[in-house]
Amino acid sequence: MNMKSMFGKKPDLQHSHSAEELDRAGERAKMTAKKLEAAEEEFKAELMAKNEEMTAMSAALHDVQEQLLNEKRTQTILDDQIETAQHEIRKRDKEASALKGRVTDLEGDLADLHTRFQTVVREGKGE
């Protein structure tokens, strides 16, 4: 057959060449789609791993917050106990100071009594 087709036209070599290009483009598109699908799966796996990591971190943060709250409660209790002890110490310091003053007064009274006793004894000897 010569270069003319049945309809009297030359065969369209460009059209057949285009079909080959379309086939290759289709194959490339399939490969690209497979790569995209694989990348999507990898992304999903990474996302799930990050989600699991964030969940673990969130749980750890919750535990730390609970521990901190417990420590704050303990600190409040200890602060209250310290305040109560300091109040008791101040109270006892005042009592001790008052007792010291009373002892000083009694020592003075004792010294006066001793002096009077000495005087009475001396006067008694002198009679």
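The secondary structure of the chain comes to 1 helix and 0 strands. Helix 1 covers residues 13-126. Of the 127 residues in the chain, buried residues make up 0%. The accessible surface comes to about 12,200 Å², and carbon and sulfur atoms account for 60% of that area.

The average pLDDT of the chain is 89, and 85% of the residues score at least 70. Over residues 1-6, however, the pLDDT is below 50; beyond near neighbours in sequence, this stretch has 8 contacts in the model. Where pLDDT is low, the predicted coordinates should not be read in detail.

The charged side chains come next. Side chains of opposite charge can pair when their charged atoms come close.

Glutamate 53 meets lysine 50 in a salt bridge between their side chains, with an N to O distance of 3.9 Å. The two residues are separated by about one helical turn, because they stand 3 residues apart in helix 1.

A salt bridge also joins the side chains of lysine 30 and glutamate 27, at 3.9 Å from N to O. Both residues belong to helix 1 and are 3 residues apart, about one turn of the helix. Lysine 30 counts as exposed because its relative accessibility is 52%, and the limit for that class is over 50%. Glutamate 27, with a relative accessible area of 44%, is partly exposed.

In the pair formed by glutamate 40 and lysine 44, the closest N and O atoms of the salt bridge are 3.6 Å apart. Here the spacing within helix 1 is 4 residues, again about one turn of the helix. Glutamate 40 is partly exposed at a relative accessible area of 42%, and lysine 44 is likewise partly exposed, at 40%.

Terms used:
Residues are numbered from 1 along each chain as its sequence is written. This is a predicted model: local features need pLDDT of at least 70, side-chain atom pairs count only at pLDDT 80 or more; totals for chains, interfaces and linings use all residues. Side-chain values use heavy atoms; hydrogens and water are left out. Buried means under 20% relative accessible area, exposed over 50%, partly exposed in between (1.4 Å probe, protein chains only). Accessible areas come from the Shrake-Rupley method with a 1.4 Å probe; for residues, only the protein chains shown count as cover. A salt bridge is a side-chain nitrogen of Lys or Arg within 4 Å of a carboxyl oxygen of Asp or Glu. pLDDT is the predictor's confidence in each residue, from 0 to 100. Contact means heavy atoms within 4.5 Å.
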